[in-house]
Amino acid sequence: MRKIYFFDTTLRDGEQSPGVNLNMQEKVEIGLQLEKLGIDRMEAGFPAASLGDLEGVAAVAKAVKNATIVGLARSRETDIDAVREALKAAQDPCIHLFLATSPIHREHKLRMSKQQVLESAEAAIKYAKRYFDKIEFSSEDAGRTELDFLCEVTEMAIRAGATVINIPDTVGFLTPYEYGNIFKTLKENVPGIEKVQLSTHCHNDLGMASANALAAILNGADQVEGTINGIGERAGNTSLEEIAMALETRSEFYQAKSSLVLSEIARTSRLVSKLTGMPVPGNKAIVGANAFAHESGIHQDGMLKEKTTYEIMSPETIGLKESKLVLGKHSGRHAFREKLIDMGYNLDEEQVNAAFAKFKDLADKKKNVLAEDIRALIEEKLTGTPEVYKLNIMQLSYGNQSVPTASVRIQTAEGMIEEAAIGNGSVDAIYKSIDKATQEETELEDYKIYSVSQGKDALGEVHVILRQGEWSVQGRGISTDILEASAKAYIDAINRLIDKRTTHPTTRSQVTLI
(Lines give C-alpha, C1' and ligand atoms only; values in the text may rest on other atoms or scores of the structure.)
Protein backbone atom coordinates (compact mmCIF):
# COMPACT_ATOMS: atom_id res chain seq x y z
CA MET A 1 0.00 0.00 0.00
CA ARG A 2 1.18 3.51 -0.74
CA LYS A 3 1.94 5.78 2.18
CA ILE A 4 -0.05 8.97 2.76
CA TYR A 5 2.05 11.68 4.39
CA PHE A 6 0.38 13.50 7.28
CA PHE A 7 0.94 17.26 7.39
CA ASP A 8 -0.26 18.78 10.66
CA THR A 9 -1.14 22.46 10.79
CA THR A 10 -2.59 22.59 14.32
CA LEU A 11 0.12 25.06 15.34
CA ARG A 12 -0.64 27.38 12.41
CA ASP A 13 -4.12 26.97 10.92
CA GLY A 14 -5.45 25.56 14.19
CA GLU A 15 -4.19 28.60 16.07
CA GLN A 16 -6.28 30.78 13.74
CA SER A 17 -9.37 29.50 15.57
CA PRO A 18 -11.15 32.39 17.32
CA GLY A 19 -9.86 32.80 20.89
CA VAL A 20 -6.86 30.49 20.47
CA ASN A 21 -3.46 32.01 21.20
CA LEU A 22 -0.70 29.56 22.05
CA ASN A 23 2.49 30.76 23.67
CA MET A 24 5.93 29.39 22.85
CA GLN A 25 5.97 26.70 25.55
CA GLU A 26 2.52 25.47 24.55
CA LYS A 27 3.54 25.26 20.89
CA VAL A 28 6.59 23.19 21.83
CA GLU A 29 4.50 20.92 24.07
CA ILE A 30 2.04 20.24 21.25
CA GLY A 31 4.89 19.85 18.75
CA LEU A 32 6.57 17.18 20.88
CA GLN A 33 3.29 15.30 21.22
CA LEU A 34 2.71 15.50 17.46
CA GLU A 35 6.18 14.00 17.08
CA LYS A 36 5.12 11.09 19.33
CA LEU A 37 2.02 10.70 17.18
CA GLY A 38 4.28 10.20 14.17
CA ILE A 39 3.31 13.27 12.15
CA ASP A 40 5.47 13.45 9.01
CA ARG A 41 5.36 17.22 8.48
CA MET A 42 4.52 19.87 11.01
CA GLU A 43 3.58 23.45 10.11
CA ALA A 44 4.78 25.33 13.18
CA GLY A 45 3.47 28.78 12.28
CA PHE A 46 3.73 31.89 10.14
CA PRO A 47 7.08 33.53 11.05
CA ALA A 48 6.41 36.82 9.25
CA ALA A 49 3.25 37.46 11.29
CA SER A 50 5.13 38.70 14.36
CA LEU A 51 8.34 38.31 16.34
CA GLY A 52 6.45 36.03 18.73
CA ASP A 53 5.38 33.75 15.86
CA LEU A 54 8.93 33.63 14.52
CA GLU A 55 10.33 32.69 17.92
CA GLY A 56 7.59 30.10 18.42
CA VAL A 57 8.40 28.42 15.10
CA ALA A 58 12.11 28.50 15.95
CA ALA A 59 11.45 26.87 19.33
CA VAL A 60 9.47 24.04 17.72
CA ALA A 61 12.16 23.62 15.05
CA LYS A 62 14.79 23.26 17.75
CA ALA A 63 12.78 20.84 19.91
CA VAL A 64 11.32 18.47 17.30
CA LYS A 65 13.83 16.16 15.62
CA ASN A 66 11.78 13.47 13.87
CA ALA A 67 9.50 15.46 11.58
CA THR A 68 9.86 17.96 8.77
CA ILE A 69 9.25 21.42 10.24
CA VAL A 70 7.37 23.78 7.94
CA GLY A 71 7.07 27.56 7.99
CA LEU A 72 4.35 29.39 6.08
CA ALA A 73 5.13 32.37 3.83
CA ARG A 74 3.34 34.59 1.40
CA SER A 75 4.99 34.90 -1.99
CA ARG A 76 7.23 37.71 -0.76
CA GLU A 77 10.97 37.76 -0.17
CA THR A 78 10.55 39.24 3.32
CA ASP A 79 8.27 36.37 4.33
CA ILE A 80 10.71 33.83 2.90
CA ASP A 81 13.57 35.43 4.83
CA ALA A 82 11.51 35.18 8.04
CA VAL A 83 11.02 31.44 7.47
CA ARG A 84 14.76 31.05 6.84
CA GLU A 85 15.49 32.69 10.18
CA ALA A 86 12.87 30.65 12.05
CA LEU A 87 13.99 27.29 10.66
CA LYS A 88 17.76 27.69 11.08
CA ALA A 89 17.81 25.00 13.80
CA ALA A 90 15.47 22.59 12.01
CA GLN A 91 16.99 19.26 11.03
CA ASP A 92 14.59 18.93 8.09
CA PRO A 93 13.19 22.37 7.09
CA CYS A 94 10.51 23.10 4.50
CA ILE A 95 8.93 26.34 3.35
CA HIS A 96 5.24 26.56 2.45
CA LEU A 97 4.54 29.34 -0.06
CA PHE A 98 1.08 30.43 -1.10
CA LEU A 99 -0.59 32.83 -3.48
CA ALA A 100 -4.29 33.15 -4.33
CA THR A 101 -5.30 32.05 -7.82
CA SER A 102 -9.12 32.17 -7.99
CA PRO A 103 -10.91 34.90 -10.03
CA ILE A 104 -12.51 36.44 -6.93
CA HIS A 105 -9.15 36.69 -5.14
CA ARG A 106 -7.31 37.94 -8.23
CA GLU A 107 -9.86 40.69 -8.78
CA HIS A 108 -10.76 41.82 -5.27
CA LYS A 109 -7.79 40.96 -3.03
CA LEU A 110 -4.67 40.85 -5.18
CA ARG A 111 -5.82 43.09 -8.04
CA MET A 112 -3.55 41.04 -10.30
CA SER A 113 -3.96 39.47 -13.72
CA LYS A 114 -3.34 35.78 -14.37
CA GLN A 115 0.06 36.59 -15.79
CA GLN A 116 1.02 38.67 -12.78
CA VAL A 117 0.01 35.83 -10.45
CA LEU A 118 2.16 33.41 -12.43
CA GLU A 119 5.14 35.74 -12.42
CA SER A 120 4.86 36.56 -8.72
CA ALA A 121 4.56 32.91 -7.67
CA GLU A 122 7.42 31.83 -9.92
CA ALA A 123 9.72 34.53 -8.56
CA ALA A 124 8.91 33.52 -4.96
CA ILE A 125 9.54 29.82 -5.60
CA LYS A 126 12.84 30.53 -7.33
CA TYR A 127 13.94 32.80 -4.48
CA ALA A 128 13.01 30.18 -1.90
CA LYS A 129 14.88 27.53 -3.91
CA ARG A 130 18.16 29.28 -3.07
CA TYR A 131 17.70 28.34 0.58
CA PHE A 132 15.32 25.36 0.76
CA ASP A 133 15.41 21.90 -0.78
CA LYS A 134 11.79 21.27 0.18
CA ILE A 135 9.22 23.74 -1.10
CA GLU A 136 5.47 23.37 -0.92
CA PHE A 137 3.37 25.69 -3.04
CA SER A 138 -0.33 26.33 -2.47
CA SER A 139 -2.76 27.95 -4.86
CA GLU A 140 -4.96 29.65 -2.29
CA ASP A 141 -8.66 29.10 -3.09
CA ALA A 142 -7.69 26.46 -5.63
CA GLY A 143 -11.19 25.01 -5.31
CA ARG A 144 -12.68 28.08 -7.02
CA THR A 145 -9.86 28.52 -9.53
CA GLU A 146 -10.46 27.75 -13.22
CA LEU A 147 -9.16 24.22 -13.84
CA ASP A 148 -7.14 25.20 -16.91
CA PHE A 149 -5.45 28.03 -15.01
CA LEU A 150 -4.83 25.78 -11.99
CA CYS A 151 -3.07 23.34 -14.33
CA GLU A 152 -0.98 26.24 -15.68
CA VAL A 153 -0.04 27.42 -12.18
CA THR A 154 0.85 23.87 -11.11
CA GLU A 155 3.05 23.32 -14.18
CA MET A 156 4.85 26.59 -13.48
CA ALA A 157 5.39 25.70 -9.81
CA ILE A 158 6.90 22.34 -10.71
CA ARG A 159 9.17 23.93 -13.29
CA ALA A 160 10.28 26.61 -10.78
CA GLY A 161 11.30 24.03 -8.19
CA ALA A 162 8.35 23.16 -5.91
CA THR A 163 8.44 19.64 -4.46
CA VAL A 164 4.88 19.52 -3.09
CA ILE A 165 1.80 21.03 -4.74
CA ASN A 166 -1.05 21.74 -2.34
CA ILE A 167 -4.62 22.18 -3.55
CA PRO A 168 -6.60 24.00 -0.83
CA ASP A 169 -10.37 24.13 -0.68
CA THR A 170 -9.88 27.35 1.27
CA VAL A 171 -13.54 28.13 1.93
CA GLY A 172 -14.87 24.58 2.17
CA PHE A 173 -16.96 25.04 -0.97
CA LEU A 174 -16.46 21.84 -2.93
CA THR A 175 -18.14 18.42 -2.89
CA PRO A 176 -16.03 15.24 -2.73
CA TYR A 177 -16.68 14.52 -6.41
CA GLU A 178 -15.60 18.01 -7.50
CA TYR A 179 -12.53 18.05 -5.26
CA GLY A 180 -11.40 14.57 -6.28
CA ASN A 181 -11.79 15.51 -9.93
CA ILE A 182 -9.27 18.36 -9.53
CA PHE A 183 -6.58 15.86 -8.53
CA LYS A 184 -7.57 13.52 -11.34
CA THR A 185 -7.35 16.40 -13.84
CA LEU A 186 -3.94 17.54 -12.59
CA LYS A 187 -2.60 13.98 -12.72
CA GLU A 188 -3.77 13.58 -16.32
CA ASN A 189 -2.86 16.98 -17.75
CA VAL A 190 0.14 18.59 -16.02
CA PRO A 191 3.59 17.75 -17.44
CA GLY A 192 6.03 16.66 -14.71
CA ILE A 193 3.29 15.98 -12.14
CA GLU A 194 4.96 12.65 -11.34
CA LYS A 195 7.99 14.55 -9.99
CA VAL A 196 6.09 16.10 -7.08
CA GLN A 197 3.71 15.11 -4.33
CA LEU A 198 0.12 16.34 -4.42
CA SER A 199 -1.40 17.54 -1.18
CA THR A 200 -4.94 18.11 0.04
CA HIS A 201 -5.97 20.93 2.41
CA CYS A 202 -9.68 21.20 3.19
CA HIS A 203 -11.91 23.41 5.32
CA ASN A 204 -15.12 22.24 6.89
CA ASP A 205 -17.58 25.04 6.12
CA LEU A 206 -20.10 22.61 4.61
CA GLY A 207 -19.08 19.69 6.83
CA MET A 208 -17.20 17.85 4.05
CA ALA A 209 -13.52 18.42 4.92
CA SER A 210 -12.73 14.80 5.78
CA ALA A 211 -14.83 13.43 2.91
CA ASN A 212 -13.07 15.77 0.47
CA ALA A 213 -9.62 14.80 1.76
CA LEU A 214 -10.43 11.10 1.32
CA ALA A 215 -11.75 11.79 -2.19
CA ALA A 216 -8.42 13.45 -2.99
CA ILE A 217 -6.53 10.41 -1.69
CA LEU A 218 -8.63 8.15 -3.94
CA ASN A 219 -7.64 10.39 -6.87
CA GLY A 220 -3.90 10.42 -6.24
CA ALA A 221 -3.13 12.80 -3.37
CA ASP A 222 0.08 11.83 -1.56
CA GLN A 223 -0.29 14.12 1.47
CA VAL A 224 -3.21 15.17 3.67
CA GLU A 225 -3.14 18.41 5.61
CA GLY A 226 -5.29 19.02 8.65
CA THR A 227 -5.41 19.57 12.37
CA ILE A 228 -6.00 17.61 15.54
CA ASN A 229 -9.70 17.69 16.50
CA GLY A 230 -10.37 19.53 13.23
CA ILE A 231 -9.79 22.96 14.78
CA GLY A 232 -9.06 25.94 12.55
CA GLU A 233 -10.39 29.08 10.92
CA ARG A 234 -14.22 29.36 10.83
CA ALA A 235 -15.65 25.80 10.85
CA GLY A 236 -12.23 24.22 11.05
CA ASN A 237 -10.07 21.88 8.98
CA THR A 238 -9.86 18.23 8.08
CA SER A 239 -9.53 16.17 11.28
CA LEU A 240 -6.32 14.20 10.91
CA GLU A 241 -7.49 11.57 13.40
CA GLU A 242 -10.51 10.90 11.18
CA ILE A 243 -8.36 10.39 8.09
CA ALA A 244 -5.92 8.15 9.97
CA MET A 245 -8.67 5.89 11.28
CA ALA A 246 -10.48 5.84 7.94
CA LEU A 247 -7.30 4.58 6.27
CA GLU A 248 -6.75 2.08 9.09
CA THR A 249 -10.33 0.80 9.21
CA ARG A 250 -10.97 0.78 5.44
CA SER A 251 -7.48 -0.04 4.20
CA GLU A 252 -8.81 -2.54 1.65
CA PHE A 253 -10.86 0.25 0.05
CA TYR A 254 -8.36 3.11 0.08
CA GLN A 255 -5.28 0.95 -0.55
CA ALA A 256 -3.28 3.49 1.41
CA LYS A 257 -1.88 3.79 4.92
CA SER A 258 -0.34 6.25 7.33
CA SER A 259 2.68 5.82 9.58
CA LEU A 260 1.00 7.40 12.61
CA VAL A 261 1.24 5.85 16.06
CA LEU A 262 -2.52 5.45 16.41
CA SER A 263 -2.37 4.76 20.15
CA GLU A 264 -1.25 8.40 20.65
CA ILE A 265 -4.40 9.86 19.06
CA ALA A 266 -6.46 10.19 22.25
CA ARG A 267 -3.64 11.76 24.24
CA THR A 268 -2.85 14.21 21.42
CA SER A 269 -6.50 15.18 21.14
CA ARG A 270 -6.76 15.84 24.88
CA LEU A 271 -3.59 17.94 24.95
CA VAL A 272 -4.67 20.11 22.01
CA SER A 273 -8.11 20.59 23.54
CA LYS A 274 -6.58 21.53 26.89
CA LEU A 275 -4.03 24.04 25.59
CA THR A 276 -6.29 25.67 23.01
CA GLY A 277 -9.28 25.84 25.35
CA MET A 278 -11.46 24.24 22.65
CA PRO A 279 -13.51 21.33 24.05
CA VAL A 280 -14.10 18.27 21.86
CA PRO A 281 -17.82 17.74 21.19
CA GLY A 282 -19.12 14.53 22.75
CA ASN A 283 -20.30 13.21 19.37
CA LYS A 284 -17.03 14.04 17.58
CA ALA A 285 -15.85 11.09 15.47
CA ILE A 286 -12.90 9.10 16.87
CA VAL A 287 -12.08 11.30 19.90
CA GLY A 288 -15.46 12.45 21.24
CA ALA A 289 -16.53 11.21 24.68
CA ASN A 290 -19.40 9.26 23.09
CA ALA A 291 -17.42 7.83 20.16
CA PHE A 292 -17.28 4.41 21.84
CA ALA A 293 -20.36 4.72 24.09
CA HIS A 294 -23.43 2.53 23.58
CA GLU A 295 -26.72 3.36 25.34
CA SER A 296 -29.40 1.72 23.19
CA GLY A 297 -30.54 -1.61 24.64
CA ILE A 298 -30.35 -3.29 21.25
CA HIS A 299 -26.82 -1.99 20.74
CA GLN A 300 -25.74 -3.03 24.25
CA ASP A 301 -27.09 -6.52 23.70
CA GLY A 302 -25.16 -6.82 20.46
CA MET A 303 -21.97 -5.47 22.05
CA LEU A 304 -22.15 -7.99 24.90
CA LYS A 305 -22.51 -10.84 22.40
CA GLU A 306 -19.94 -9.60 19.86
CA LYS A 307 -18.24 -6.16 19.87
CA THR A 308 -18.04 -5.92 16.08
CA THR A 309 -21.83 -5.83 15.82
CA TYR A 310 -21.74 -2.10 16.57
CA GLU A 311 -18.07 -1.18 16.94
CA ILE A 312 -15.99 -0.92 13.78
CA MET A 313 -12.82 0.02 15.64
CA SER A 314 -11.43 -0.53 19.10
CA PRO A 315 -11.01 2.29 21.64
CA GLU A 316 -7.67 0.71 22.56
CA THR A 317 -6.45 1.44 19.02
CA ILE A 318 -6.44 5.19 19.68
CA GLY A 319 -5.02 4.81 23.19
CA LEU A 320 -8.16 4.93 25.34
CA LYS A 321 -7.30 1.85 27.42
CA GLU A 322 -6.78 2.96 31.02
CA SER A 323 -4.80 1.34 33.81
CA LYS A 324 -6.82 -0.27 36.61
CA LEU A 325 -4.51 1.29 39.22
CA VAL A 326 -6.65 3.45 41.53
CA LEU A 327 -4.96 6.31 43.33
CA GLY A 328 -6.03 7.96 46.57
CA LYS A 329 -4.64 9.79 49.56
CA HIS A 330 -2.76 6.68 50.74
CA SER A 331 -0.99 6.16 47.41
CA GLY A 332 2.76 6.65 47.45
CA ARG A 333 5.21 8.38 45.17
CA HIS A 334 6.17 5.12 43.40
CA ALA A 335 2.57 4.30 42.43
CA PHE A 336 2.07 7.89 41.31
CA ARG A 337 5.20 7.80 39.14
CA GLU A 338 4.10 4.50 37.57
CA LYS A 339 0.71 6.01 36.79
CA LEU A 340 2.40 8.98 35.08
CA ILE A 341 4.54 6.66 32.96
CA ASP A 342 1.50 4.57 32.06
CA MET A 343 -0.26 7.75 30.94
CA GLY A 344 2.66 8.74 28.71
CA TYR A 345 4.26 11.47 30.85
CA ASN A 346 8.05 11.48 31.12
CA LEU A 347 8.79 14.00 33.86
CA ASP A 348 12.06 14.74 35.59
CA GLU A 349 12.44 14.38 39.37
CA GLU A 350 11.59 18.00 40.12
CA GLN A 351 8.46 17.87 37.97
CA VAL A 352 7.36 14.58 39.57
CA ASN A 353 7.80 16.06 43.06
CA ALA A 354 5.75 19.15 42.16
CA ALA A 355 3.03 17.03 40.56
CA PHE A 356 2.98 14.63 43.52
CA ALA A 357 2.48 17.53 45.94
CA LYS A 358 -0.52 18.74 43.91
CA PHE A 359 -1.84 15.18 43.72
CA LYS A 360 -1.68 14.73 47.51
CA ASP A 361 -3.50 18.02 47.99
CA LEU A 362 -6.24 16.86 45.61
CA ALA A 363 -6.39 13.40 47.22
CA ASP A 364 -7.32 15.05 50.51
CA LYS A 365 -10.42 16.45 48.77
CA LYS A 366 -11.32 13.44 46.60
CA LYS A 367 -11.57 9.78 47.62
CA ASN A 368 -10.39 8.44 44.27
CA VAL A 369 -8.19 10.43 41.90
CA LEU A 370 -8.93 9.50 38.28
CA ALA A 371 -6.67 9.61 35.25
CA GLU A 372 -8.52 12.70 34.01
CA ASP A 373 -7.73 14.47 37.30
CA ILE A 374 -4.03 13.65 37.00
CA ARG A 375 -3.92 14.90 33.41
CA ALA A 376 -5.51 18.16 34.50
CA LEU A 377 -2.97 18.58 37.31
CA ILE A 378 0.01 17.86 35.04
CA GLU A 379 -1.17 19.95 32.11
CA GLU A 380 -2.29 22.93 34.19
CA LYS A 381 1.29 24.24 34.37
CA LEU A 382 2.63 23.25 30.95
CA THR A 383 2.73 26.84 29.77
CA GLY A 384 5.87 28.10 31.51
CA THR A 385 4.37 31.60 31.83
CA PRO A 386 6.05 33.54 34.67
CA GLU A 387 3.72 33.88 37.66
CA VAL A 388 3.78 37.60 38.38
CA TYR A 389 0.62 37.12 40.42
CA LYS A 390 -0.45 34.01 42.34
CA LEU A 391 -3.66 33.42 44.29
CA ASN A 392 -2.95 33.00 48.01
CA ILE A 393 -6.31 33.33 49.77
CA MET A 394 -9.84 34.01 48.55
CA GLN A 395 -12.97 34.60 50.65
CA LEU A 396 -16.55 35.09 49.52
CA SER A 397 -19.79 36.31 51.02
CA TYR A 398 -22.89 35.39 49.05
CA GLY A 399 -26.62 35.03 49.57
CA ASN A 400 -29.55 35.27 47.22
CA GLN A 401 -30.78 38.33 49.15
CA SER A 402 -27.39 40.01 49.59
CA VAL A 403 -24.73 41.60 47.42
CA PRO A 404 -21.88 39.16 46.56
CA THR A 405 -18.57 40.28 48.04
CA ALA A 406 -15.11 38.85 47.38
CA SER A 407 -11.76 39.50 49.00
CA VAL A 408 -8.49 38.17 47.63
CA ARG A 409 -4.90 38.02 48.79
CA ILE A 410 -2.50 37.78 45.87
CA GLN A 411 1.16 36.90 46.13
CA THR A 412 3.78 38.85 44.18
CA ALA A 413 7.55 39.01 44.23
CA GLU A 414 7.29 42.11 46.46
CA GLY A 415 4.82 40.62 48.92
CA MET A 416 1.05 40.24 49.38
CA ILE A 417 -1.70 42.44 47.95
CA GLU A 418 -5.17 42.37 49.46
CA GLU A 419 -8.29 43.80 47.86
CA ALA A 420 -12.06 43.37 48.05
CA ALA A 421 -14.95 44.18 45.73
CA ILE A 422 -18.65 43.62 45.22
CA GLY A 423 -20.23 42.33 42.04
CA ASN A 424 -23.46 41.13 40.46
CA GLY A 425 -22.38 37.55 41.14
CA SER A 426 -19.61 35.66 42.91
CA VAL A 427 -17.38 35.38 39.84
CA ASP A 428 -17.88 39.05 38.97
CA ALA A 429 -16.92 40.05 42.53
CA ILE A 430 -13.81 37.85 42.40
CA TYR A 431 -12.71 39.31 39.08
CA LYS A 432 -13.27 42.90 40.19
CA SER A 433 -11.19 42.32 43.31
CA ILE A 434 -8.39 40.81 41.19
CA ASP A 435 -8.56 43.79 38.83
CA LYS A 436 -8.11 46.14 41.79
CA ALA A 437 -5.20 44.11 43.13
CA THR A 438 -3.35 43.86 39.81
CA GLN A 439 -4.33 47.30 38.43
CA GLU A 440 -4.97 45.65 35.06
CA GLU A 441 -7.80 46.88 32.83
CA THR A 442 -9.09 43.99 30.75
CA GLU A 443 -12.23 42.84 28.93
CA LEU A 444 -13.56 39.36 29.65
CA GLU A 445 -14.40 37.94 26.23
CA ASP A 446 -15.27 34.39 27.21
CA TYR A 447 -15.79 32.26 30.31
CA LYS A 448 -16.35 28.49 30.29
CA ILE A 449 -16.58 25.78 32.95
CA TYR A 450 -15.93 22.09 32.33
CA SER A 451 -16.01 19.03 34.54
CA VAL A 452 -12.71 17.16 34.35
CA SER A 453 -14.21 13.91 35.66
CA GLN A 454 -17.46 12.62 37.17
CA GLY A 455 -19.01 12.92 40.64
CA LYS A 456 -19.85 15.67 43.12
CA ASP A 457 -16.17 16.00 44.06
CA ALA A 458 -14.98 16.26 40.43
CA LEU A 459 -12.34 18.77 39.45
CA GLY A 460 -13.74 21.81 37.72
CA GLU A 461 -11.78 23.45 34.93
CA VAL A 462 -12.35 27.07 33.94
CA HIS A 463 -11.20 28.71 30.71
CA VAL A 464 -11.30 32.46 30.21
CA ILE A 465 -10.31 34.74 27.35
CA LEU A 466 -9.18 38.27 28.24
CA ARG A 467 -8.58 41.14 25.86
CA GLN A 468 -6.39 44.14 26.50
CA GLY A 469 -6.03 46.42 23.50
CA GLU A 470 -4.58 44.35 20.65
CA TRP A 471 -3.81 41.37 22.86
CA SER A 472 -6.16 38.46 23.42
CA VAL A 473 -5.07 35.63 25.73
CA GLN A 474 -6.61 32.64 27.40
CA GLY A 475 -6.22 31.46 30.98
CA ARG A 476 -6.91 28.13 32.66
CA GLY A 477 -7.52 27.12 36.26
CA ILE A 478 -8.58 23.90 37.98
CA SER A 479 -9.91 23.11 41.43
CA THR A 480 -12.61 21.06 43.13
CA ASP A 481 -14.11 24.52 43.85
CA ILE A 482 -15.19 26.18 40.60
CA LEU A 483 -14.92 29.66 42.13
CA GLU A 484 -11.28 29.03 43.04
CA ALA A 485 -10.76 27.63 39.53
CA SER A 486 -12.33 30.82 38.15
CA ALA A 487 -9.90 32.98 40.12
CA LYS A 488 -6.91 30.89 39.03
CA ALA A 489 -7.94 31.07 35.37
CA TYR A 490 -8.31 34.86 35.52
CA ILE A 491 -4.93 35.34 37.19
CA ASP A 492 -3.33 32.93 34.70
CA ALA A 493 -4.68 35.07 31.85
CA ILE A 494 -3.37 38.28 33.45
CA ASN A 495 0.08 36.69 33.82
CA ARG A 496 -0.01 35.80 30.13
CA LEU A 497 -0.93 39.37 29.20
CA ILE A 498 1.98 40.71 31.20
CA ASP A 499 4.31 38.16 29.61
CA LYS A 500 3.15 39.18 26.13
CA ARG A 501 3.58 42.88 26.82
CA THR A 502 7.05 42.27 28.21
CA THR A 503 8.43 39.88 25.61
CA HIS A 504 6.57 40.84 22.42
CA PRO A 505 5.32 44.44 22.47
CA THR A 506 4.55 44.42 18.74
CA THR A 507 1.21 43.17 17.48
CA ARG A 508 0.57 40.25 15.17
CA SER A 509 0.03 41.16 11.53
CA GLN A 510 -3.46 40.43 10.27
CA VAL A 511 -3.56 38.31 7.12
CA THR A 512 -5.98 35.81 5.70
CA LEU A 513 -4.20 32.50 5.19
CA ILE A 514 -5.03 29.39 3.21
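Strands here are DSSP runs of E with at least two residues, numbered from the N terminus. Keep in mind as you click around that this is a predicted model.

**Stop 1**

Select residues 2-3, which make up strand β1, and pick out Lys3. Is Lys3 buried, partly exposed or exposed? Its relative accessibility is 30%, so Lys3 counts as partly exposed.

**Stop 2: Phe6 and the cores**

Next, select Phe6. Leaving out residues up to four places away in sequence, Phe6 touches Ile39, Asp40, Arg41, Val224, Leu240, Ile243, Ala244, Leu247, Ser258 and Leu260. Phe6 belongs to the largest nonpolar core, a set of 91 residues. Which members touch the most others? Colour Phe6, Ile69, Ile95, Leu97, Phe137, Ile167 and Leu247 to see them. Helix α6, residues 147-160, is the top contributor to this core, with eight residues. Another core, of 24 residues, lies apart from that one; Ala406, Ile430, Ala437 and Val462 are among its members. As background, nonpolar side chains tend to be buried together in soluble globular proteins.

**Stop 3: two helix pairs**

Show α2 (residues 51-63) with α3 (residues 77-86). Their axes come within 8 Å and cross at roughly 40 degrees, so α2 and α3 are oblique to each other. For the contact itself, display Leu54, Val57, Ala58 and Ala61 on α2, and Ala82, Glu85 and Ala86 on α3. By class, the contact of α2 with α3 has six nonpolar residues, no polar ones and one charged.

Then jump to α13 (residues 333-342) and α15 (residues 371-379), whose axes are 11 Å apart at an angle of about 85 degrees. That angle makes α13 roughly perpendicular to α15. On the α13 side, show Phe336, Lys339 and Leu340; on the α15 side, Ala371, Ile374 and Ile378. The contact of α13 with α15 divides into five nonpolar, no polar and one charged residues.

**Stop 4: cysteines**

How many disulfides does the structure hold? The count is zero. Cys94 is buried, with a relative accessible area of 7%. Moving over to Cys202, the closest cysteine sulfur is in Cys151, and at 18 Å that is also too far for a bond. Cys202 counts as buried too, at 0% relative accessibility.

**Stop 5: positive phi**

Finish with some backbone torsions. Arg234 is found in the loop between β9 (223-226) and α9 (240-249). Its phi is near 55 degrees, a positive value in a residue other than glycine. Arg234 is partly exposed, with a relative accessible area of 45%.

Then select Gln255, in the loop between α10 (251-254) and β10 (256-257). Here phi is near 50 degrees, again positive in a residue other than glycine. Gln255 has a relative accessible area of 44%, which makes it partly exposed.

Key:
Residues are numbered from 1 along each chain as its sequence is written. This is a predicted model: local features need pLDDT of at least 70, side-chain atom pairs count only at pLDDT 80 or more; totals for chains, interfaces and linings use all residues. Side-chain values use heavy atoms; hydrogens and water are left out. Axes are lines fitted to C-alpha atoms, for helices over the stretch in contact, and angles run from 0 to 180 degrees between N-to-C directions. Helices (H or I, at least four residues) and strands (E, at least two) are DSSP runs, numbered from the N terminus. Angles under 35 degrees count as roughly parallel, over 145 as roughly antiparallel, 65 to 115 as roughly perpendicular and the rest as oblique. Contact means heavy atoms within 4.5 Å. Ala, Val, Leu, Ile, Met, Phe, Trp, Tyr, Cys and Pro count as nonpolar, Asp, Glu, Lys and Arg as charged, and the others, Gly among them, as polar. A disulfide is a pair of cysteine sulfur atoms within 2.5 Å. Buried means under 20% relative accessible area, exposed over 50%, partly exposed in between (1.4 Å probe, protein chains only). A nonpolar core is a set of buried Ala, Val, Leu, Ile, Met, Phe, Trp, Tyr and Cys residues joined through side-chain atoms within 4.5 Å.
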